[in-house]
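Reader: I am new to this structure. Please take one part and look at it closely, then show me what lies around it.

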Amino acid sequence: MTSEPLLSETEEQAELPVEDHSARNRLVIGLLLVSAFVVILNETIMGVAIPHLMADLNIPASSAQWLTSAFMLTMATVIPVTGYLLQRLNTRPVFILAMSLFSAGTLVSALAPGFPMLVVGRIVQASGTAIMMPLLMTTIMNLVPPHSRGKTMGNISIVISVAPAIGPTISGLILSSLDWRWLFLLVLPIALAALAMGASKIENVTVPSKAPLDVISVVLSAIGFGSFVFGISELGAPEAGATPLDPRLMLVAGAAVIAIFIWRQLYLQKHERALLDLRTLQTKTFTIAAGMMAILMMSMFGVFILIPIYLLSVLGQTTLTAGLLLLPGGLIMGLCAPFVGRLFDRYGPARLVIPGALLFSSVMWGLTFLTVTTPIWIVLGLHIVMSIGLALMFTPLFTVSLGSLPPKLYSHGSAIIGTTQQVAGAAGTTLYVAIMTWRAGILTQGEADTATATVGGMQSAFFVGALISLAAVVASLYVRRPLNQPEGQPMGGH
């Protein structure tokens, strides 16, 4: 038997096939998308359940509102820290941490013997949710080449926009025949399955770097963003003076601590030690896109809170009907997202974002004409058109914002976008409710009936929202491709 001549080390390496990670990457992204959809869904699922919880747990509206406020408060507190976590830890342990927290919170909520433990469960849920979304965005930015990011970011848009939109619908369907605990019992098996599959299938796809943890920044972040969102939420609470803390004082104190936090980050980032690197904001495209997303989240959450009130209190519809009315818009937004992603990859952001902003602003102005006799199909039509406008904007904005940053800032950019969205969502809800309540009170003193006063208050709230939407129209004119993706060429390329 004659032996074959041995290959040299260079020749042997040359004959080795290049390892194809595409299947692994698709699996990781798919698992992250499904998991993120489940956790984000829970942010808005409690809104319709508030009346049921008030009756079952014998608590006032001011207490029940904390099930939503505590969730949002925790998100705003935890998200700024995720930039550090994603730098320091690998994909798999961060995923396991996020889904373990969410699953544990869901279990605690389902078995809660009373209101205090239910709030604890919601806080633990929110901690996992806060980690999941930046993990998803950062992972996609690291794995997906620029020329196909629009398509993948379209899937993220489904998670971020559709999950909150259909939360009230799913909640209404469940509560029409089951106890409120089923809101958690039905989600728990899905969460545990995602955790088990992710723990066994997800591979580490990023390279962690040594990042020192600045404890002072963590404390400042928690106090500052927590106090600020608390103040915003309480200003819009259904019962004034429901808590011993003055929301205006908390708002000012939170803003002051956030200012100190920002100053410290500017100092620490010179030494590569910032908890949240604010050099992301030096990129014009990122700042404009993040600002637009803040405006959209503010308006979207405001509309989501006022339209159900209008349907229930003015048009006399049932909770189930109100939830179902919001379903078509959410579904259409989800169906549009992948197509918008492909169009973005081919044409860039301008041809999508500008028409989307115009559609969105048109609907906001249209909502100012709602009356006590407006047909329900007009409300449905406005909501669907608004959903199409949002779908045209979310994918391009997510993609150009993070795509304009250097890779080392992806995790920080994701954290900043997530924090901005939470603060904007809380601010939008509070602003719309506060304006509606103020105007309705004036009309009631003028002897207007409850329905007329409520509609008058909503018209004023939507008018302010319509004015804010004009800022989104102006900003849309300045949304550009990242500089490394020239006009007239496909996005990216190899």
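Author: Buried means under 20% relative accessible area, exposed means over 50%, and partly exposed is in between (1.4 Å probe, protein chains only). Ser387 is buried, with a relative accessible area of 1%. This is a predicted model: local features need pLDDT of at least 70, side-chain atom pairs count only at pLDDT 80 or more, and totals for chains, interfaces and linings use all residues. Residues are numbered from 1 along each chain as its sequence is written, and side-chain values use heavy atoms, with hydrogens and water left out.

Ser387 sits in helix 17. Helices here are DSSP runs (H or I, at least four residues), as are strands (E, at least two), and they are numbered from the N terminus. What does Ser387 touch, leaving aside its neighbours within four places in sequence? Its contacts are Gly329, Gly330 and Met333. Contact means heavy atoms within 4.5 Å.

Now the helix pair. Helix 15 covers residues 327–347, and helix 17 covers residues 376–403. Their axes come within 8 Å and cross at roughly 35 degrees. Axes are lines fitted to C-alpha atoms, for helices over the stretch in contact, and angles run from 0 to 180 degrees between N-to-C directions. The crossing of helix 15 and helix 17 is right-handed. That word applies if the near helix is turned clockwise from the far one by less than a right angle; anticlockwise is left-handed.

Helix 15 brings residues including Gly329, Gly330, Met333, Ala337 and Val340 to the contact. Helix 17 brings residues including Ser387, Ala391, Leu392, Thr395 and Pro396. By class, this contact of helix 15 with helix 17 has 15 nonpolar, seven polar and no charged residues. Ala, Val, Leu, Ile, Met, Phe, Trp, Tyr, Cys and Pro count as nonpolar, Asp, Glu, Lys and Arg as charged, and the others, Gly among them, as polar.

Take Val340, in helix 15. Val340 is buried, with a relative accessible area of 4%. Not counting residues up to four places away in sequence, Val340 touches Leu352, Ala391, Leu392, Thr395 and Pro396. The C-alpha atoms of Val340 and Gly154 are separated by 6.7 Å, though the two are 186 residues apart along the chain.

Another pair is helix 7 (residues 115–143) and helix 18 (residues 410–445). They pack at an angle of about 145 degrees, with their axes 9 Å apart. Helix 7 also passes helix 18 in a right-handed crossing. Pro134, Met137, Thr138, Met141 and Asn142 of helix 7 meet Tyr410, Ser411, Ser414 and Ile417 of helix 18. This contact of helix 7 with helix 18 has five nonpolar, four polar and no charged residues.

Next, the wider setting. The protein chain has 19 helices and zero strands. Buried residues make up 54% of its 494 residues. The largest nonpolar core has 128 residues. A nonpolar core is a set of buried Ala, Val, Leu, Ile, Met, Phe, Trp, Tyr and Cys residues joined through side-chain atoms within 4.5 Å. Those with the most contacts inside the largest core are Met99, Met132, Leu390, Met393 and Phe462. Leaving aside neighbours within four places in sequence, Met99 is in contact with Ser35, Val39, Met132, Ala191, Ala194 and Leu195.
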